[in-house]
Amino acid sequence: MDALDLLVNRRSASRLAEPAPAGEALQNILHAAMRAPDHGTLQPWRFIIVENEGRERFANLLEQAARDSNLEQKAIDKAASAPFRAPMIITVVAHCEENAKVPQWEQLASASCAVMAMQMAAVAQGFNGIWRSGPWTDHPSVREAFGCREQDAIVGFLYLGTPQLKANTTVVAPDTAQFVSYF
Ligand SMILES: Cc1cc2nc3c(=O)[nH]c(=O)nc-3n(C[C@H](O)[C@H](O)[C@H](O)COP(=O)(O)O)c2cc1C
């Protein structure tokens, strides 16, 4: 796949089924993540792969978090079913360190770039996914389950799998004028 075509025409996919990326394809995705821009080579990221029984554990975690938050039954059910929207979820944690030259926001930016890189690497190999967040990224028990320390943040849950709907490949070229100026 042509790199420019990938960047200009990519779409996220929310309807995802088996197979999830595995083996070399998954390694390529993780390698792409590790090539995200990284000021000071801090490698400020952790990737926690959720698949198979891990999805059950994640579902139980979200269900309990929803119960603890006193949500209505409908919302509890929604939380419990969320992990089954794709065969694989990669939780991306910005693993931040105190650093004189690299403030926390830059480390969050690096981890976020890693999410995008993984999604692009997935698309390049015939998979796709969608970057999701939601209130669970900040929930104490979810943070704890994914190993977040005080200074860390979950920057997203990257849902990955094989897209079920063929994406519209003709993305309308955006009008860039209102977002771009020259200094
Ligand atoms: C940090 C971040 C969090 C996001 N969280 C969600 C989310 O929780 N649910 C969702 O439907 N889309 C979420 N999105 C947007 C999707 O990843 C996606 O970009 C959007 O559905 C538009 O589709 P497109 O990527 O094909 O343009 C998030 C994007 C970012 C960058």
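## Close-up views of a predicted model

**View A. The second largest pocket holds about 270 Å³ of space.** Of the 16 residues lining this pocket, Ala 82, Arg 85, Ser 133, Pro 135 and Trp 136 are the closest to its centre. Everything shown here comes from a predicted model, in which local features need pLDDT of at least 70, side-chain atom pairs count only at pLDDT 80 or more, and totals for chains, interfaces and linings use all residues. Residues are numbered from 1 along each chain as its sequence is written, and side-chain values use heavy atoms, with hydrogens and water left out. For the pocket itself, a 1 Å grid is laid over the protein atoms alone: a pocket is an open set of points with protein on both sides within 12 Å along at least five of seven lines, where a 1.4 Å probe fits, and lining residues have an atom within 4 Å of a point. Points are joined across faces, edges and corners, and the volume is the space filled by probe spheres set on them.

View B. H4 gives the most, with four residues. By class, the lining has 10 nonpolar, three polar and three charged residues. Here Ala, Val, Leu, Ile, Met, Phe, Trp, Tyr, Cys and Pro count as nonpolar, Asp, Glu, Lys and Arg as charged, and the others, Gly among them, as polar.

**View C. Look at H4 for its buried side and the face turned away from it.** The buried residues of H4 are Ile 76, Ala 79 and Ala 80. They lie on the same side of H4 because they cover an arc of only 95° around the axis, taken from the directions from the helix axis to the C-beta atoms. These buried residues pack against H3, with contact meaning heavy atoms within 4.5 Å. Lys 74 and Lys 78 are exposed on the face turned away. Buried means under 20% relative accessible area, exposed over 50%, and partly exposed in between, using a 1.4 Å probe and protein chains only.

**View D. Helix H2 (residues 23-34) shows one buried face.** H2 has 12 residues and reaches 17 Å from its first C-alpha to its last, close to the expected 16 Å; that expectation is 1.5 Å times one less than the number of residues. Buried in H2 are Ala 25, Leu 26, Ile 29, Leu 30 and Ala 33. Down the axis, the buried residues fall within an arc of 135°, so they line one face of the helix. Their cover includes strand S2 (45-51), strand S3 (88-94), helix H5 (104-124) and S5.

View E. Most residues other than glycine have a negative phi, and most peptide bonds are trans. Thr 41 is exposed, with a relative accessible area of 62%. Gln 43, in the loop between H2 and S2, also has a positive phi of about 50°, and counts as partly exposed at 38% relative accessibility.

Note on methods: Helices (H or I, at least four residues) and strands (E, at least two) are DSSP runs, numbered from the N terminus.
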